[in-house]
Amino acid sequence: AVRLRVTNRNASVRYFSSTALHLADADGAIVDDALALTPPIPAASGDYYPGSTGEGWVAWDTEDKSFALVRIDLDPFADDPRFFALESTPVATTGGESADNDPLPVAPGDPVVVTETEVNLRAEPTTDGDIVATLDRGDRLVITGEPVPGDGYRWYPVEVDATGETGFIVQEFIATP
């Protein structure tokens, strides 16, 4: 999977297609047999208003596929692809980034808000934990304990203000109001 930031620098609304990105070989040719997968939430595809920016994911099944680049075809009618290089060897990752970042300045009982749409509230502090609820930008939560590391992320135990549901949410998706 690739996480990317999309910014619309045009004067009109533009759609970033889920088919705009492809795996490519070193010569830039599309790797046809790399199966596109449903990306982790949020997906990068969607409408972008002038000047707006969004972050999201694109994912492929790369098992036994040879590729070196990600090819970006923003305009399906023009032959003007862009490329970015991937590491030539797999990079070991621990998952997220928040475990290496400073914790939020919050304590149990403090309110926070969700900063993205379709964020999973998990039963355990792991990406494999059961999904308790799907939260939207602006949903209010209350911190219920100390953060816990898991899968490379810093997970905060929270309670959803509106429903009373409890679970864990990754630091990247919350902020103080």
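This report describes strand pairing and salt bridges in a predicted model.

Three strands make up an open sheet in the order 1-6-4, and their pairing is antiparallel. Strand 1 (2-7) and strand 4 (35-37) stand at the edges with a single partner strand each, so one side of each of these two strands is left without a neighbour in the sheet. From one strand to the next, the twist averages 40°. Within this sheet, strand 1 is joined by 6 bridges to strand 6 (residues 53-61), the two running antiparallel, and V2 is found opposite V58 of strand 6. In general, the strands of a sheet pair through backbone hydrogen bonds, in either a parallel or an antiparallel manner.

Strand 15 (residues 166-170) is mostly covered, since 4 of its 5 residues are buried.

**Salt bridges**

Side chains of opposite charge can pair when their charged atoms come close.

| Pair | N to O distance |
|---|---|
| R3 and E55 | 3.1 Å |
| R5 and E55 | 2.1 Å |
| R71 and D73 | 3.0 Å |

What do the salt bridges that share partners join into one network? They join R3, R5 and E55. In the salt bridge between R3 and E55, R3 lies in strand 1 and E55 in strand 6, so the pair ties together parts that are 52 residues apart in sequence. The side chain of E55 also meets that of R5 in a salt bridge, and this pair likewise links distant parts of the chain, with E55 in strand 6 and R5 in strand 1, 50 residues apart.

R3 has a relative accessible area of 33% and is partly exposed, while E55, at 27% relative accessibility, counts as partly exposed. R5 has a relative accessibility of 57% and therefore counts as exposed, the cut-off for that class being over 50%.

Are the two residues of the remaining pair, D73 and R71, buried or exposed? Both D73 and R71 are buried, and the closest N and O atoms of their salt bridge are 3.0 Å apart.

Note on methods
Residues are numbered from 1 along each chain as its sequence is written. This is a predicted model: local features need pLDDT of at least 70, side-chain atom pairs count only at pLDDT 80 or more; totals for chains, interfaces and linings use all residues. Side-chain values use heavy atoms; hydrogens and water are left out. Two strands pair if DSSP finds at least two bridges between them. Axes are lines fitted to C-alpha atoms, for helices over the stretch in contact, and angles run from 0 to 180 degrees between N-to-C directions. Buried means under 20% relative accessible area, exposed over 50%, partly exposed in between (1.4 Å probe, protein chains only). A salt bridge is a side-chain nitrogen of Lys or Arg within 4 Å of a carboxyl oxygen of Asp or Glu.
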